[in-house]
Amino acid sequence: MIDHAYWIVLMPILASFIIFFFGRFFPMKGAELGIASMGYCLIHSLYIFGTVAGEPGFTSELSITWFRFGIFETQWGFLIDGLSALMLVVVTLVSLLVHIYSLSYMKDDPRFKRFYAYLSFFTFAMLILVVANNFLQIFIGWELVGLASYLLIGFWFEKTSAANAGKKAFITTKVGDLGFFIALMMIFSLLGTLNFDQVAARVSENLISPTVAGIIALLLFWGAVGKSAQVPLHVWLPDAMEGPTPVSALIHAATMVAAGVYLVARTYFLFEHAPFALEAVAWTGGITALLAATMALVATDFKRVLAFSTVSQLGYMMLAMGVGDKVAGMFHLTTHAFFKALLFLAAGSVIHATHENDIRKMGGLSRKMVWTFITFAVALWAISGLWPMAGFYSKDLILEATLNSHHYVLFGIGVFVAFLTAFYMTRLFLLVFVTDPRNPEIYNHAHESPPSMVLPLMVLAVLAVFSGLVFEYVIPIHKLLELPMSAESAAMAEEAVHHVWPVWAVPALSTVVAAGGILLAFLFYVKPVFSPQRLAEKFRPVHTLLVEKYGFDEFYLAFLVKPLDMLSVGLAKLDYRVLDQLGVDGTAWLTERFSRMNAWFDRVIVDGLVDFWGALTQAGGSIARLVQTGWVQNYLLFFVLGFAALMAAQLRLTVTDILMLFKGF
Amino acid sequence: MAETVTTCAVGLQHYLALGSILFAIGIFGVLTRRNIIGILMSVELMFNAANINLVAFNRFVHGGDLWGQGFAIFVITLAAAEAVVGLALVLAIYRTMKTTYVEKMNLLKG
């Protein structure tokens, strides 16, 4: 089955096309097709995962030549190793649950069929990216993911905000893609290949200097910054909440934002060569985590809180990558995929029940939506990083790695963000489920969601509980993801072992801050020990800054969008006035004038000459034809007269002589 | 001798005058006859005018040998041949155009 791994990629795209073109002939408009294909993909992926997990260091690479020019060969590759096997399971699992969940969530949507086609297409794009064995294929998957996210975020394009959010996501990530593309070109021109293995081999042979490797790595990372919503290109993710909630779950958990982290993990050999690139990754991750967490503190839109939380958690993952622990980053990606999908699907369940996004109007929903409440609580527990949930293991691994690599400032940020995470997630939880209902109308109409929505929640809740334990004890994630180590990473690992801090220090610290965060949230929102309003009053500027999301959007608007707009308008005017009117139209006018002159010359002079000769000939002819009477006697007369004239000339006779001659008679 | 010549004998000038008159009649006939047969006949007149000249010059100017007379006989022979060819043509023309009047024959008119 490993040899036929390509079916995992082919099934979703086949399903997508069939749903798109023939979905209306199916009883459930093609949704069953999407679910079935995704189910197949999950089973196949689990099988592959099982094989890989049972055999550490397992690698299988299947490739089909796509096209070649010269010595360069482009392939469609299916690279199966620990990293891609893990991602395959995460992607197909979350996607399957989202497919099932959407049955109810999107039931009444007029474009239900199209939604499923897009979902399958989205998954296909992500899977192409995951199994890629070369940079070109990963880039293709990368762009397809971008396209799919554009289609899905702007799915309700009747709403201007949704259409704009789609565009914003597409354009912002495209800014990052530019870096990726330049990196791609650099790798190709400097190393002559795009295959991961070959690039890794050539880099380790020092075919390029560490500086160049670092620049390439940073350009790749710039692509990941766009896709994984790191500062400063994070602005699209909160707006992406305009899409249907299942899509948000998919984007935030399995596809799209995971792509950036996956790219860094996949091309980690480049980063390892250049410490300064790793440093940049670490600091970007840390700053992103901090900024996003603080923005989440004041957000009032249910999904936006979760979006900021995603950005923050992605920052964690990048931080882990940056401090040299790729495994921790991927571990957190996996666990985060489960509990963030859970959070979003639970959020969707709440929104489905209340038709409201503003958490200030909710409250008390725990009595109405028991299962949603319980599963959300599990997710809260997990994301806060409390034992024994998934987030505990993965987040601690990141913090440990940060501490052991002597990034003390980043470690401080990490711990603080853990505290903030616990706080704002608990705030969200309390405001939605626990506190007294603030809007009776919404409260009274709320109801538990149908089974097809609750079931995915439960599955994800189980995963949120156990995935950390599983990867810690049953299938050690280090073993799963460990590739043949390069010299640097081996040294780094060696260094990491010699940490001076006691093993229990980090877990203890993170548990304390998480518990502190949760407790503080309780003090703010349940027991009115502190008042959020009064705190906001007191620190008005800070509050405003956070609500304004640090002004990134305004900054981009004022310094990028507006000037570009103005420049474009100016250039358009220039284009119209100078190029169109003066250049094109002017030339046309000149040409026309010149042609008219030419035509006149042609008509009057050239044609006139021709006609003149014709007329002359005709006139000559009409005179000459007078003598051509056709009567033979006429001709004879001319002949006789002519002869007589010749005779006269021969004899030198003058007219007088002739007259004299006649006189003689 | 000279008196006799001047008084009664017919001289060279008389012959030449006769030739000229015959020739002129011939030309006049060729130019004015409408019937092609008449034109042919007029051409015969012109031949004979030439013959009279030839014979007269031989008698008065050359003397002795009979070159002029011989030449005239050749001309008569040729005239006979010419008449044959001419009449044959007239016949052919008549068969195709059903006429012998030359003014009807203007196919070459420009």
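Which residues are linked with A:Lys168 in a network of salt bridges? In this predicted model, the network takes in A:Lys168, A:Asp239, A:Arg304 and A:Asp553.

Searching the whole structure turns up 10 salt bridges over all chains. One of them joins A:Glu143 and A:Lys174. Here A:Glu143 belongs to helix α5 (residues 135-153) and A:Lys174 to helix α6 (residues 160-191), so the pair connects parts 31 residues apart in sequence. A:Glu143 is partly exposed at 21%, and so is A:Lys174 at 25%.

Here are the N to O distances:

| Salt bridge | N to O distance |
|---|---|
| A:Glu143 and A:Lys174 | 2.5 Å |
| A:Lys168 and A:Asp239 | 2.9 Å |

Now for the backbone. Most residues other than glycine have a negative phi, and most peptide bonds are trans. A:Lys29 has a positive phi near 55°; this residue lies in the loop between α1 and α2 and is partly exposed at 40%. A:Met256 has a positive phi near 60°, sits in the loop between α10 and α11, and is buried at 0%. Finally, a cis peptide bond joins A:Val231 and A:Pro232, with omega about 10°; A:Pro232 is in the loop between α8 and α9.

Note on methods: Residues are numbered from 1 along each chain as its sequence is written. Chains are lettered from A and ligands numbered from 1 in the order in which they are written. This is a predicted model: local features need pLDDT of at least 70, side-chain atom pairs count only at pLDDT 80 or more; totals for chains, interfaces and linings use all residues. Side-chain values use heavy atoms; hydrogens and water are left out. Helices (H or I, at least four residues) and strands (E, at least two) are DSSP runs, numbered from the N terminus. Buried means under 20% relative accessible area, exposed over 50%, partly exposed in between (1.4 Å probe, protein chains only). A salt bridge is a side-chain nitrogen of Lys or Arg within 4 Å of a carboxyl oxygen of Asp or Glu.
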